[in-house]
Amino acid sequence: MLTVTDLTYTYPGEHQPALTDISFSIADGTCACFSGHSGCGKTTLLRALKELLPEGILSGSIRYGELPLTREDVLTGFGLVFQNAESQLLCSTVFDEVAFGPENLCIPPDEIHQRIIAALSAVDLLEFGNRNVERFSAGQKQRLCIASVLSMQPRVILLDEPTSQLDGKGREDLLRVLHHLKKKGISILIAEHNIQPFTEIIDRYFLMSDGRITGSQDYPPDEYRRGQQNVASEAQPRKKRAATTTVVSAENLAVSYPGSKHVLCDSSCEIRDGELIHLHGENGCGKSTLLKTIAGAIQPDSGSMTVTGKKQPKAGELLGTVALLFQNPQRQLFEDTVRDEVAFTLKRLNLPEKVTNQRVECALSICEAFHLRDRLPLTLSFGEQHRVALASVIAPEPQLLLLDEPFAGLDPLQRLRLLKILAQLRQEKGTTIVIASHDPLPDPAWSDRIITMQNGRIVSPEAALV
């Protein structure tokens, strides 16, 4: 049994604890869910259990069985899957990544091979064993991280927002794996906004707010059910906006990466001024590659493309006109404070200081991140980082805004508020917005059109071309 007693932790340089008097017990073979809004302390708690927090002020005790945990207990007995999969991947190929942990434990080679096969089979990645990890989609990377943890054969598995970048099939595969692990007596701790996929295996819900456990129960929290109902009830149809100017025109685009087949194949689409577009498709279908190509970050192998009047543009030519929010916000956060992060592009555009300050404050307020303005971006929760990254891309008031899986780390109500923020941008600034996601939008009426992708192709020509 895992027992945590009065766990309190304060980050270096902070005055308020991130965790306060956390106490709970988890029996072997039990699945527990820690639920709460972004920034409530869920991720910090999982990192504390794995001893991965900076050397702040820590008190309380963590035990497995009768004795306090040793460093070896934590290393071999606890497996943590980060919310941001990329920060966990160390090796270049899939096989090497899954073998990394057992090799460092000096497991015999034959047993390592067996563990690799079992772990990759569990997450349906065995056929990709020699694939370069960098060529994986975010969802595939998340499944790979789960496999790398499974190969260590831990007694306790810690999952931080495990569904945030998984499509429907990925969630089904993960649920099947977790069912199997529970039957083997492995304890599972999940920090998650989207609890719906796990309700059939969760034995206990712990509700968190401001770094504290505020309650526990054996049924889904009322706040989650109300949130789902509010999302459905507040979703209202919007008038479609008449558009005459073409912002993006792409014909027969093809993109491939070294050592792999085409990620985009003969893809054509047209996006007009002020449209709200939902780019939909499963993990690995090419959504992210299409957005990066439109933004000029990737040059196509063949085909033609015009973006905001520029033919075959490169990224630097679209500064201030086209903005891309990455699937992993940490890839675009590098300044010392949130305020400087949001101001970065504005300064490159040589805007007056007064205008820069006004736009920074406005963008942070819109994204409900103004209270974070003096924080170091990389110390924020994943959901908070997403809001800061969103503020940094809307502050320049781009003509075209591209968002790659922007709902990761956001609870149901926060997702709906994000869509309202974006609809307001279109209404007030005329911004053209494209959201790429593997799930339906929380407000089905938000988009003017849906462009569907499958296996690197746009498969809904009636939606792709107007």
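Is Tyr11 buried, partly exposed or exposed? With a relative accessibility of 24%, Tyr11 counts as partly exposed. The structure is a predicted model.

**Aromatic pairs and cluster**

- The structure contains six aromatic pairs.
- In one of them, Tyr9 and Tyr11 have ring centres 5.0 Å apart and planes at 80 degrees, so this pair is edge-to-face.
- Phe334 belongs to the loop between strand 16 and helix 9 (338-348), while Phe344 belongs to helix 9, so their pairing ties together parts that are ten residues apart in sequence.
- Phe334 counts as partly exposed at 48% relative accessibility, and Phe344 counts as partly exposed at 27%.
- One aromatic cluster is formed by Phe24, Phe34 and Phe206.

**Charges over rings**

- Arg47 places its charged end over the ring of Phe82, at 4.7 Å from the ring centre.
- Arg155 lies over the face of Tyr64, with a distance of 4.4 Å to the centre of the ring.

- Six strands form an open sheet with mixed pairing, in the order 16-17-18-13-19-20.
- Strand 13 (residues 276-280) pairs with strand 18 (residues 432-437) in the parallel sense, over five bridges.
- His280 has Ser437, in strand 18, as its bridge partner.
- In general, the strands of a sheet pair through backbone hydrogen bonds, in either a parallel or an antiparallel sense.

**Helices packed on the sheet**

- Helix 8 (residues 287-294) packs on the sheet and touches strand 13, strand 16, strand 17 (400-404), strand 18, strand 19 (449-454) and strand 20.
- The direction of helix 8 makes about 155 degrees with that of strand 17.
- Helix 12 (residues 412-429) likewise packs on the sheet, where it touches strand 13, strand 17 and strand 18.
- The direction of helix 12 makes about 155 degrees with that of strand 18.

**Loop residues with positive phi**

- Glu51 has a phi near 55 degrees, which is a positive value in a residue other than glycine.
- Glu51 is placed in the loop between helix 1 (42-49) and strand 4 (57-64), and at 40% relative accessibility it counts as partly exposed.
- Gln312 has a phi near 45 degrees, again a positive value in a residue other than glycine.
- Gln312 is found in the loop between strand 15 (310-311) and strand 16 (322-325), and it is partly exposed with a relative accessible area of 30%.

- Glu270 lies in strand 12 (residues 262-272).
- Its relative accessibility is 19%, and Glu270 therefore counts as buried, since the cut-off for buried is under 20%.
- The side chain of Glu270 makes a polar contact of 3.1 Å with the side chain of Arg272.

Note on methods. Residues numbered from 1 in each chain as written. Predicted model: local features only at pLDDT ≥ 70, side-chain atom pairs only at ≥ 80, totals over all residues. Heavy atoms only, no water. Helix = DSSP H or I, 4+ residues; strand = E, 2+ residues; numbered from the N terminus. Buried < 20%, exposed > 50% of the residue type's maximum accessible area, 1.4 Å probe, protein only. Polar contact = N/O pair within 3.5 Å; in protein donor to acceptor, adjacent residues only side chain to side chain. Phe/Tyr/Trp six-rings, centres within 6.5 Å; stacked < 30°, edge-to-face > 60°. Lys NZ or Arg CZ within 6 Å of the ring centre and 35° of its normal. Pairing = 2+ DSSP bridges. Contact = heavy atoms within 4.5 Å. Axes fitted to C-alpha atoms, helices over the stretch in contact; angles between N-to-C directions.
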